[in-house]
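Here is a short report for a reader meeting this structure for the first time. Please look over the sequence and the model before reading on.

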Amino acid sequence: MGPTNTKGRMRILARTFLTALGLMAASAPSYAPSLPQATAVDLLAHSQVIVVGQVQTVTDGFDARGLPYTEVTMKVADTIRGQKAETFTFRQFGLDKPRKMANGRTYLGRPTGFPSWRKDEAAIVFMYSKAKTSGMQTTVGLGQGKLSLANGVAMNSFDNAGLFSGVKVKGGLLDSSEQAMFGTKKGPVKADTLRKFLHRAVDGNWVKNGSIANAKH
């Protein structure tokens, strides 16, 4: 697969995310975008920040423009991509939970497809760059870009479906544990193996140089 197909998938994912933010900011808070399936290549290609950490705080509210947000602060255990720091804080569009408003109406919580956040949970997160106007930032592919960590395994809210489907890797790059991970069609994967792979893929710039790519369809 050549770079053109990867760039096309990147544009689709980015367009979906930006369209979702625009529509939700202008209309009903319950708007749910239709998500294309994100592979490991897509998560790597789109992410400005990739960190492993534990959620310290989760708060929500409305910013100065009246946009609903959920603010999450994570204690960083491992920075795979991005500036290293002890903590990472971002604001995701939508409230964490429904809220009763002064006018008696209820403002719904986060839109369908967006990841939820819970204090003390651990996760690997793949983050889009911040939106230029709102400063909002969320995970690549929404719920697909947050892989919760527990009992030594990692899994997103879509059961990792499609994470490795059709992904082509240059021969000889993967070790035996990574090869086994890439054979996973759905379900949890070993967290240590995934983190090792991500570090190697980022450090080696595998997506950009074509060492790893989505197959053509």
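Which residue lies over the face of Tyr-69? Arg-91 does, at 3.7 Å from the ring centre.

## Overview

This is a predicted model. The protein has 4 helices and 11 strands. Of its 217 residues, 46% count as buried.

The protein exposes about 10,900 Å². Carbon and sulfur atoms supply 50% of that area.

The largest nonpolar core holds 30 residues. Ile-124, Phe-126, Phe-182, Leu-194, Phe-197 and Leu-198 touch the most other members. Six elements can be named here, each giving two or more residues: helix 2 (40–46), strand 1 (49–62), strand 6 (122–127), strand 7 (146–150), helix 3 (176–182) and helix 4 (191–203). Helix 4 gives the most, with 6 residues. A second core is separate and has 12 residues, including Val-51, Phe-90, Trp-117 and Val-125.

Beyond its neighbours within four places in sequence, Phe-182 is in contact with Phe-164, Val-167, Val-169, Leu-174, Phe-197 and Ile-212. Phe-182 also belongs to an aromatic cluster with Phe-164, Phe-197 and Trp-206.

## Aromatic pairs

The structure holds 6 aromatic pairs. One of them joins Phe-62 and Tyr-107. Their ring centres are 5.3 Å apart and their planes stand at 90 degrees, so this pair is edge-to-face. Phe-62 counts as partly exposed, at 29% relative accessibility.

Phe-90 and Trp-117 form another edge-to-face pair, 5.3 Å centre to centre with 70 degrees between the planes. This pair also links distant parts of the chain. Phe-90 is in strand 3, while Trp-117 is in the loop between strand 5 and strand 6, 27 residues away. Phe-90 is buried, with a relative accessible area of 2%. Trp-117 is buried too, at 7% relative accessibility.

## Lys-146 and Glu-121

What sits over the ring of Trp-117? The charged end of Lys-146 does, 4.6 Å from the ring centre. The side chain of Lys-146 also makes a polar contact with the side chain of Glu-121, at 3.0 Å.

Glu-121 is placed in the loop between strand 5 and strand 6. Is Glu-121 buried or exposed? Glu-121 counts as buried because its relative accessibility is 7%, below the 20% cut-off. Leaving aside neighbours within four places in sequence, Glu-121 is in contact with Gly-53, Gln-54, Val-55, Ser-116, Lys-146 and Ser-148.

## Leu-95, a buried loop residue

Leu-95 is found in the loop between strand 3 (87–93) and strand 4 (99–100). Leu-95 is buried, with a relative accessible area of 0%. Which residues touch Leu-95, leaving aside neighbours within four places in sequence? They are Asp-60, Gly-61, Phe-62, Pro-68, Tyr-69, Thr-70, Tyr-107, Leu-108, Gly-109 and Arg-110.

Thr-70 is 25 residues from Leu-95 along the chain, yet their C-alpha atoms are separated by 5.2 Å. Two of the contacts, Phe-62 and Tyr-107, are the partners in the edge-to-face pair described above.

Thr-184 lies in the loop between helix 3 and strand 10 (189–190). Its side chain reaches the backbone oxygen of Met-181 at 3.0 Å. Thr-184 touches Phe-164 and Val-189, not counting residues up to four places away in sequence.

## Two positive phi values

Most residues other than glycine have a negative phi. Asp-120 has a positive value, near 80 degrees. Asp-120 lies in the loop between strand 5 and strand 6 and counts as partly exposed, at 45% relative accessibility.

Asn-205 also has a positive phi, about 55 degrees, although it is not a glycine. Asn-205 is placed in the loop between helix 4 and strand 11 (212–214). At 40% relative accessibility, Asn-205 counts as partly exposed.

Note on methods: Residues numbered from 1 in each chain as written. Heavy atoms only, no water. Core = buried A, V, L, I, M, F, W, Y, C linked by side-chain atoms within 4.5 Å. Buried < 20%, exposed > 50% of the residue type's maximum accessible area, 1.4 Å probe, protein only. Contact = heavy atoms within 4.5 Å. Areas by Shrake-Rupley, 256 points an atom, 1.4 Å probe, with all protein chains shown as cover. Phe/Tyr/Trp six-rings, centres within 6.5 Å; stacked < 30°, edge-to-face > 60°. Lys NZ or Arg CZ within 6 Å of the ring centre and 35° of its normal. Polar contact = N/O pair within 3.5 Å; in protein donor to acceptor, adjacent residues only side chain to side chain.
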